[in-house]
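Reader: I would like to go through this structure with you, one topic at a time. Could we begin once it is on the screen?
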Amino acid sequence: MTERMGFFTDTSVCIGCKACEVACKTWNDIPADGVDLLGMSYDNTGSLDANTWRHVAFIEQTVQDDTRWLMSSDVCKHCTEAGCLDVCPTGALFRTEFDTVVVQADICNGCGYCVPACPFGVIDRREDDGRAWKCTMCYDRIGDGLMPACATACPTESIQYGPLDELRERADERLAELHSRGQADARLYGHSPDDGVGGAGAFFLLLDEPEVYGLPSNPVVTTRDLPAMWKRAGLAAVAVAAGVAVSFLGRR
Amino acid sequence: MAECHPVGFQWVMEAKARGAKIIHVDPRFTRTSAVSDVFVPIRAGSDIAFLGALVNYVLTHGKEFREYVVAYTNAAAIINEDFKDTEDLDGLFSGFDAEKRAYDHSSWAYQGAEAQSGAGDPSDRTGGQQHRATAQAEQHGSGGATVSAKPDEDPTLEHPRCVFQILKRHYARYTPEMVEEVCGVPAAKFLEVAEAITANSGRDRTTALCYAVGWTQHTVGVQYIRTASILQALLGNIGRPGGGILALRGHASIQGSTDIPTLFNILPGYIPMPHARQHLDLASFVAEDAGRTGFWGNMDSYTVSLLKAWWGEHATAGNDFCFDYLPRLTGDHGTYSTVLRQIEGECKGYFLVGENPAVGSANGKLQRLGLANLDWLVVRDLQMIESATFWRNGPEIETGELRTEEIGTEVFFMPAAAHTEKDGSFTNTQRLLQWHHKAVDPPGDARSDLWFYYHLGKLIRHRLRDSTDPRDLPVQHLTWSYVEEGPLGEPSAESVLAEINGTGPDGPLSAYTQLKNDGSTSCGCWIYCGVRADGVNQAARRKPGRDQTWVAPDWGWAWPANRRIIYNRASADPDGNPWSERKKYIWWDSAAGRWVGADVPDFEPTKPPDFEPEEGARAQDALGGADPFIMQTDGKAWLFAPAGLADGPLPAHYEPLESPYSNPLYAQQVNPTLQRYDHPANPYNGSAFPYVVTTYRLTEHHTAGGMSRTLPYLSELQPEFFCEVSPELAEERGLEHLGWATIITSRSAIEARVMVTRRMKPLRMREQVVHQVGLPYHWGPNGLSIGDAANDILGVAADPNVHIQEAKAATCDIIPGRRPRGQALLDLVAEYRRRG
Amino acid sequence: MRQWLSSWPVIRQVTGDDPWGRGNAVRSAATERTAPRTAEADSVTRSICPYCAVGCGQQVFVKDGRVTQIEGDPDSPISRGRLCPKGSASKQLVTSPSRVTQVLYRRPYGTEWEQLDLDTAMEMIADRVVEARNEAWQQQDAEGRTLRRTLGIASLGGATLDNEENYLMKKLYTALGAVQIENQARI
């Protein structure tokens, strides 16, 4: 495996232009999603889904009589402990040499187990072909030394791509800088390996609570308890088997 | 800027990261406001009051960059004692003729240097009615108006009639309190801006101002920019790195289409179109400039070289170089006047070339009535735009005002080639020419506009080849042979660029200073001379930015002479030394005896800082070594414009033509010289319209939508026309978020989905509360993302200098629900008109 | 045979370094072939974004005569490889299925578009230009001063075009005596 690669999305410099959404769709040939006015500020995309792998949220707030407009480009978190990957029965989802999580369209049979397994609601099935789709971190591009399409386009470097360790360092510095400028509400999200998904390969600098951006405050990999469950199930099976054996033995 | 120029905005964000303070002044809270340090909501149409108050703040607090002001501006010039200011005449300047609604500018002149008299009436060129009609201020896209010789001066700036003192008196009433009353900006907020800007200007620091059509689309648009110029000149922020007044233009080559103008009033390089009354021959045409000082003094060379480019061997000294082949102006032939001529039936044929006026121009109905009255219309575009389909789905079809079967216009839709399908150059917003190369062939019948006009020209020339009518000589003698390439017979764009660049006896020219007035040189656009220096396409240069200095002089080519910051002599002090180490850019190297630095000096390279011109010198020889503004006749930045403007030597705040408020500054309510277009289909609003309305763009769409509403990826991001209102206005009018609203003016009524947002804020102007309605204007009935066209409700009234319409401030009413259909819509609008 | 067998995911899972079947063991044939389409382009052309006047650099990737990708030019000192959503949609702009690629004609009082041959359309337009020019020709004004112009023809547009195109337009129109020539810069 090569170095783990990731995204650091610094929402404090996001200008909400949605270049990431369009660059992503263009590169990955993703179908358009339809024209619906949602009334969620300037967000007419709504959420990440099978046909939206980058989604810019717009949040209008009033802070001490001043208007604040938060913008944030959301994406698949490429979790260290990825529920979608754990539950995929076909091997369509796999972990790449960059430690990213990617669906292989030629394997996916559309079973959909991965959809509820994602604690962020990212992965989704396409209505027409039924298969599961999500951000690949432009697996094809990064394998050739290019940056993902969204990070390539982003005008203000709100979306940064690189070795995850470097990005984490950069994020720490940026956070300290914002704090020193008095921006006390700045925080990192998905940054810590100790969180419920073992740290995200795509993490964020936010200016408010995660829920404000539509992100779960404490995401936990849905398969976290699986080993323990299997262990218990195994123990139970052993106990049952022992019981059965005993009962048979007892007859003799 | 973040909204409409996101990639340019990366540099603002980078500056911010380095500690720059970003201030955003706008009627609406945009993506720019979201990342700015200070956001100042302002009433649309009140910016001169705001900027004027900044000027006043600078002057009353002694914050001007005194050394720069004394040396490089006309602050010391003494003005004619007949001059009367708006202070004396309650909102008018001296020389106003109420009947003609025009100024005689003669009293605005410098004392000791009267305005230059050309062959015609001196008032024509430098102000006044004819100047206004033919938009001659636009010539000053590359330099100021003409004044002769040097004025009397008082370098102490104490003389009561010196520009500096006049300026002080003129702006004295532009106080923070007045800003509060006119703009709806609290005085404290204004002072925060004033302090930040002045603290960030001087030897060691510069402040940049960026603007777009939010400043130009007003009946006082030119004076908006003038006020900004005065402020920046006082602060020493012109010609220096990090300074300037930067126009953010919205189309890929809108700068280029001004330099090489598809505009009625100018020829390439800002040479004016000749006027019938004034310019009888070449001598009278250039006479005014022939005696001029500054680089415009060579106008004869630029003109003769242009005539040689167009009429080649036929243009000789003996026939005035075919000067007589040029058509003459007699008045305003701007786009809105032309539309009126279409409605009258005089103008019968129309070409629309990558432009969609049925959506993008003010008062869409006026546009469509013009289109419907043509004999023929040629539309060249990529997609089926509304201006090509007005005859089947225009709003007037729905209301019954027009019937398809009764529209006689013959329409040709000629598919255009995209930028990837042709070679050519765009000139970007910073005067940079960048070549784009053809990647693929255009599909089907699609052709480049170069192909279309070249072959159309060939067909027309063929039709007129045997004519003996002298009117056809300019066509017969026109140089019209370009290299044809490939199976489509595409004319070589490179060969056209070569003609634009120009040639002399020794081949391709490399600089406009080589141009001659004797017919030995030809040049299609003098300011572009050098773009093919040494026969190499300099616009196609692509040395990576990371491999050169931050000025990046080896990427593309900037006019003039590849200068990236114009007037950069002002980045050094009068003695030629950098104002400071931090702001070092161009300076005098006395050992080498020349100007050096990161950029091409915008100055004669070996003219020393202490150079004194000889008495009677002309052109650039008349400018001293410390006169940086070399396109000006006196080499100075003009705080006070003694000539060149139709509406006054100094900016004054006037209300928009349609405003619910009276002007608190003067008895004069509106620009007294503003241009009206009186027509039954262009009525102006009366008092029945209580709200301010302004129009704007969104990141996700492009202007009138032909290049964005047709694309799924962009349409889904902003799928529908909407209006933005504050919660307070929504409450006042019963508007519901995501419901429908009807917006009404005396021109029309349109419907939009409602976006109730705190980003729209009611402003308090002392006792009054201003509600503003925000309308993005991208929509029309065609494409994937559709809606009514915001421009349909705007009237046409224009700036008197440049004929740009007031689209950024008007009045309206807004009511809940969808608009009526058919006749009922007309009835609704008629009812509002009756109410006043 | 052995090779075929060893490419079996289950074999790979059991024999390789990925016993849980979450990585190498499950890589599909398509995944193994993964390559960006930009790497397969026949040519890369340097271009400039056609939307606003910032003038961002673009790289146009072409394969088999078709545009397969347009993205920012990292060499540009103006844009440094970045593009906004419109610039990022440039490929859709130039490959749009709704682009009109055939000459269309609406005859006077007509209710529908008709198709027209390009050469015929050019000839018809040339005829109309000459006719409209002559009909509204003004040689002199009332006081006998030269005008040498026509008000019969007008033109609007140029800001989205190339300098070379604007140049030929202005040159041809001026020679024809057409003065009502305008573009978005007025608006």
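Reader: What share of the 252 residues of chain A counts as buried?
Author: In this predicted model, 46% of the 252 residues of chain A count as buried.

Reader: And how many helices and strands are there in chain A?
Author: Chain A has seven helices and ten strands. Its C-alpha atoms fill a box of roughly 85 × 40 × 40 Å along the principal axes.

Reader: Among contacts in chain A with a separation of 6 or more, what percentage comes from residues 24 or more positions apart?
Author: Such residues account for 60% of those contacts.

Reader: Which domains does the assignment give for chain A?
Author: The assignment gives domain 1, covering 5-221, and domain 2, covering 222-252. The centres of these two domains of chain A, taken over C-alpha atoms, are separated by 41 Å.

Reader: Changing topic: how many residues of chain B are in contact with chain C?
Author: On chain B, 126 residues are in contact with 99 residues of chain C. Helix α21 (residues 449-464) of chain B gives the most to the chain B side, with ten residues. That side of chain B divides into 63 nonpolar, 45 polar and 18 charged residues.

Reader: Which strands of chain B and chain C pair?
Author: One such pair is strand β11 (residues 410-415) of chain B with strand β4 (residues 104-106) of chain C, antiparallel over three bridges. Within β4(C), R106(C) is the bridge partner of V411(B).

Reader: Now to helix α12 of chain B: is it enclosed or open, and why?
Author: Helix α12(B) is largely enclosed by the rest of the structure, because 13 of its 14 residues are buried. A residue is called buried here if 20 or more other C-beta atoms lie within 10 Å of its own.

Reader: What span should the 14 residues of helix α12 of chain B have, at 1.5 Å a residue?
Author: The 14 residues of helix α12 (residues 221-234) of chain B should span 20 Å, and the end C-alpha atoms are 20 Å apart, so the two values agree.

Definitions and conventions
Residues numbered from 1 in each chain as written. Chains lettered and ligands numbered in written order. Predicted model: local features only at pLDDT ≥ 70, side-chain atom pairs only at ≥ 80, totals over all residues. Contact = placed C-beta atoms within 7 Å. Helix = DSSP H or I, 4+ residues; strand = E, 2+ residues; numbered from the N terminus. Nonpolar A, V, L, I, M, F, W, Y, C, P; charged D, E, K, R; others polar. Pairing = 2+ DSSP bridges. Domains from an automatic or database assignment. Buried ≥ 20, exposed ≤ 12 C-beta atoms within 10 Å, placed from the backbone. Expected span 1.5 Å × (residues − 1).
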